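Have the model open as you read.

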Amino acid sequence: MAAVDAKQYRMVIDGRLVDSASGETMDVVNPATNDVIATVPRASRQDVDRAVAAARAAFEGSWSRVSASKRNRLLMKLSDLIRDRIDEIAALETLNSGKAISSSGAEILGALEDLEFYAGSGTKLMGETIPAPYGLLYYTVRQPLGVAGQIIPWNYPFLMAMWKIAPALAAGNTLVLKPASLTPLTALLLGELCLEAGIPAGTVNIISGPGASVGSYLAGHPDVAKVAFTGETATGRLILQLAAQTMKRVTLELGGKSPNVVFADADLDDAVNGSLFAIFYNSGQSCEARSRLFVQQDVYERFVDRFASAAERIKVGDPFDPEMQVGAIISRSQLESIEGYIRLGIEEGARLVAGGKRPDDPSLGRGNFLLPTVLADVANAMRVAQEEIFGPVAVIIPFKDEAEVIRMANESIYGLAGTVWTRDLGRAHRVAGAIETGVIGINTFATAMPGLPFGGFKQSGIGRERGLETLKQYTELKSVLVNTSPRPVNPWNL
Ligand code: NAD
């Protein structure tokens, strides 16, 4: 893996590329080598104030005068600019996040689909007329909220930025987005591309800085109308408290411990291969990773053997090697936290049947790599079955029948995603209906797709991203009452 000269990035505030007011910077590291690859400004509260003021001014000025159809065209222009530079953006994503280059390419394409979905949506944001008594006309309009404060995690840096930016702009809002400190690069580049596309100054502001100081200040800022946050459930709780002070609109996309249920009648090849992808894609660093694998007793041993030996065939290594299916873990501390969970699972009584260690290849030693790991014979009450590990660790739990697996699948504080593998059509729909998650796949590993609402039940979040529903969550609904009667208005006969 070649060393790269550290490049200096700037934030995007009020249409300009700027340093932080203090001049302070933060280093950005390549997780595959732990080399410093870039520096970015370390924003402070002063920079948040600047960015929010710019977004507020743009909301009241230039952006509010841009029609919905013009907004559509600007978003399509942005899409063209991204498409022209897709390989460069994918490479930057891999350099900064450590994910396999094939994953980065697919995720940028996914982000483009989201952008194009929303690009055409602003002109369809319609109100309704409501039946009214004689002499009155009732109608509703959808109005943008104002400034959106958007905070995103490090696992899908470009995609998460797009999930936030595209619907906010399509609905007529302006925004200040803060990427994760570990992965700010593609979001900062996206901010530059927004300017290049002709989106007016101040409409899109991207600031880099620590979550605890800058993120929390943004989430509580009085001039921010809505907070859209993706990250850990624990951070989401803090965000809700901060937003409560000024009763901001809030959407939260939080953690998960998503169940993956394999019935004995399933196509076992599909179930094995699909379940591997569902947990090990992006080294398991996905909120919707199906990390709790429930397998029916009749096929349990057969499934565990096949799943474990296939997990050992997943190609883990240099993220820039197109042959690799899985790259690095985001940071050394995240790697150590995952290793701690593997030790804990073994102490709790689980049987390690694959992985559990770093790769032997010495060329990967400086990076944060871990082999896909499978813990079998897990009980649903164990900590490794209840806590979000956020790494390449699948836990396998045997079950007897449908009623038992529904009960166990729902024994979780989370409710983000799930998968059911069975050839029985009735059972597939019964179980999909009974599992308490916002998204559920039947005989497919897919969960998060452009246009399909995505979000969680229970402590996995509030609200949805990626659908038309999301567009509405960037608006207020206003009811208008009109007097159409020729009679004078005098209700008290005064
Ligand atoms: P995190 O909560 O640590 O950080 C997320 C973002 O919040 C970062 O930008 C961070 O700087 C900022 N932040 C941290 N502390 C803050 C505070 N006190 N106030 C305001 N902002 C703060 O999460 P992470 O480790 O970056 O991401 C992993 C988590 O994200 C996992 O739990 C995962 O499940 C979740 N996630 C959820 C979804 C979803 O759609 N449901 C998608 C991706 C990731």
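Q: How much space lies in the largest cavity?
A: The model is predicted. It holds 3 cavities of 30 Å³ or more. The space in the largest cavity comes to about 80 Å³.

Q: Which residues lining the largest cavity are the closest to its centre?
A: The lining of the largest cavity counts 13 residues. By class they are 6 nonpolar, 5 polar and 2 charged. Closest to the centre are Ala289, Ser291, Glu388, Ile389 and Phe390.

Q: Which elements give two or more residues to the lining of the second largest cavity?
A: The second largest cavity has a volume of about 40 Å³. It is lined by 14 residues, and those closest to its centre are Pro259, Ala409, Tyr414, Gly415 and Thr437. Two or more lining residues come from each of helix H13 (402-410) and strand E18 (414-415).

Q: Are helices H2 and H6 parallel or oblique to each other?
A: H2 (residues 68-84) and H6 (residues 185-196) pack with their axes 9 Å apart. The angle is about 125 degrees. Angles of 65 to 115 degrees count as roughly perpendicular and those over 145 as roughly antiparallel. The pair is therefore oblique.

Q: What residues of H6 make the contact with H2?
A: H2 passes H6 in a right-handed crossing. H2 contributes Leu78, Leu81 and Ile82. The contact residues divide into 6 nonpolar, no polar and 1 charged. From H6 come Leu190, Leu193, Cys194 and Glu196.

Terms used:
Residues are numbered from 1 along each chain as its sequence is written. This is a predicted model: local features need pLDDT of at least 70, side-chain atom pairs count only at pLDDT 80 or more; totals for chains, interfaces and linings use all residues. Side-chain values use heavy atoms; hydrogens and water are left out. Axes are lines fitted to C-alpha atoms, for helices over the stretch in contact, and angles run from 0 to 180 degrees between N-to-C directions. Helices (H or I, at least four residues) and strands (E, at least two) are DSSP runs, numbered from the N terminus. Angles under 35 degrees count as roughly parallel, over 145 as roughly antiparallel, 65 to 115 as roughly perpendicular and the rest as oblique. A crossing is left-handed if the near helix is turned anticlockwise from the far one by less than a right angle, and right-handed if clockwise. Contact means heavy atoms within 4.5 Å. Ala, Val, Leu, Ile, Met, Phe, Trp, Tyr, Cys and Pro count as nonpolar, Asp, Glu, Lys and Arg as charged, and the others, Gly among them, as polar. On a 1 Å grid over the protein atoms alone, a cavity is a set of points where a 1.4 Å probe fits but cannot get out, and a pocket is an open set with protein on both sides within 12 Å along at least five of seven lines; lining residues have an atom within 4 Å of a point. Grid points are joined across faces, edges and corners, and a volume is the space filled by probe spheres set on the points.
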